[in-house]
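Please read it alongside the sequence and the coordinates.

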Amino acid sequence: MSQEELNSAAIPLPLKDVQGDNRWMSQHNRFVLECKDKEPDVLFVGDSMVQLLHQYELWRELFSPLHALNFGIGGDTTRQVLWRLQNGELENIRPKVIVLWVGTNNHDHTAEEVAGGIEAIVQLINTQQPQAKVIVMGLLPRGEKPNPLRTKNDRVNHLLKASLPKLPNVQFLDTDSGLVHSDGTIICHDMFDFLHLTAAGYAKVCKPLHELLLQLLEETPEEKQATLT
């Protein structure tokens, strides 16, 4: 059996339309159409952490000027993102950088499986968009106080820090940025439901992301070639 067969987090799967409004597929189809109409330099893809970023002024201030597209869908796991990217969301575009932020919704998978699912997405991007540099955002801490899900997300991040350097054109970006206080708590000023970020929380996380994006976008193909030779 292949690694993907052993790890269901690395098997593409569209979201089942249990509510009956076809909303998830409608969002995916809109993203596919955007690929035909836009020429992004930066592509964000992932779950609600990506999706909600688009609603804040920070997106317009920091990322819109970089010609960025936001392909975030709330609730997505690594399986849905894999399926979306395999089914049109990487076609007709050639972004310079792809930001991947997914994994906290993989409740049915172990930390090792979640990390493997994220690695499978990176490998897919490397295959379909070999020119693109990839930024993998670390999973956020979650819950007001220490809990098993937060421990699991920490473990995923630890595994990714060890495994991603073995893949081409990818960097891991830690997202803690002081969200967890010295007593182990998270405050609602940073994460309004102790899972999703407020404007203040996004500001903490997105400052280093914006700096890294600027650095990667400024690198010319000649500089990249020089580092390879």
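Buried means under 20% relative accessible area, exposed means over 50%, and partly exposed is in between, with a 1.4 Å probe and protein chains only. By that scale Asn169, at 30% relative accessibility, counts as partly exposed. This is a predicted model, in which local features need pLDDT of at least 70 and side-chain atom pairs count only at pLDDT 80 or more, while totals for chains, interfaces and linings use all residues. Residues are numbered from 1 along each chain as its sequence is written, and side-chain values use heavy atoms, with hydrogens and water left out. Helices (H or I, at least four residues) and strands (E, at least two) are DSSP runs numbered from the N terminus.

**Salt bridges**

- A salt bridge is a side-chain nitrogen of Lys or Arg within 4 Å of a carboxyl oxygen of Asp or Glu, and a search of the whole structure finds ten of them.
- Arg84 and Glu89 form a salt bridge in which the closest N and O atoms are 2.8 Å apart; both Arg84 and Glu89 are buried.
- In the salt bridge between Lys161 and Asp174, the closest N and O atoms are 3.4 Å apart.
- Lys161 lies in helix H7 (residues 148-163) and Asp174 in the loop between strand S5 (170-173) and helix H8 (199-218), so this pair ties together parts that are 13 residues apart in sequence.
- Lys161 is partly exposed at 44% relative accessibility, and Asp174 is partly exposed with a relative accessible area of 39%.
- Salt bridges with shared partners join Arg30, Glu34 and Lys38 into one network.
- Arg30 is partly exposed at 44% relative accessibility, whereas Glu34 is buried with a relative accessible area of 15%.

**Nonpolar cores**

- A nonpolar core is a set of buried Ala, Val, Leu, Ile, Met, Phe, Trp, Tyr and Cys residues joined through side-chain atoms within 4.5 Å.
- In soluble globular proteins, nonpolar side chains tend to be buried together.
- The largest nonpolar core has 38 residues, and Leu100 and Val136 touch the most other members.
- Helix H6 (residues 111-128) supplies the largest share of this core, nine residues.
- Contact means heavy atoms within 4.5 Å; leaving aside its neighbours within four places in sequence, Leu100 is in contact with Val45, Val81, Ile118, Ile121, Val122, Ile135, Val136 and Met137.
- Another core, of 32 residues, lies apart from the largest one, and its members include Leu53, Leu140, Leu216 and Leu217.

**Aromatic pairs**

- Rings of Phe, Tyr and Trp (its six-membered ring) pair if their centres lie within 6.5 Å; planes under 30 degrees apart count as stacked, over 60 as edge-to-face and the rest as tilted.
- The structure holds six aromatic pairs.
- The ring centres of Phe44 and Trp59 are 5.0 Å apart and the ring planes are at 65°, so this pair is edge-to-face.
- Phe44 lies in strand S1 (residues 42-46) and Trp59 in helix H4 (residues 57-63), so the pair ties together parts that are 15 residues apart in sequence.
- Phe44 is buried at 1% relative accessibility, and Trp59 is buried with a relative accessible area of 3%.
- One aromatic cluster is formed by Phe44, Trp59 and Phe63.

**Positive phi angles**

- Asn92 is a residue other than glycine with a positive phi, near 70°.
- The loop between helix H5 (78-86) and strand S3 (97-101) holds Asn92, which counts as exposed at 57% relative accessibility.
- Asn169 is not a glycine either, yet its phi is positive at about 60°; Asn169 is in the loop between H7 and S5.

**Ala120**

- Ala120 sits in helix H6 and is buried, with a relative accessible area of 9%.
- Leaving aside its neighbours within four places in sequence, Ala120 is in contact with Ala10 and Leu82.
- Ala120 and Asp154 are 34 residues apart along the chain, and their C-alpha atoms are separated by 19 Å.
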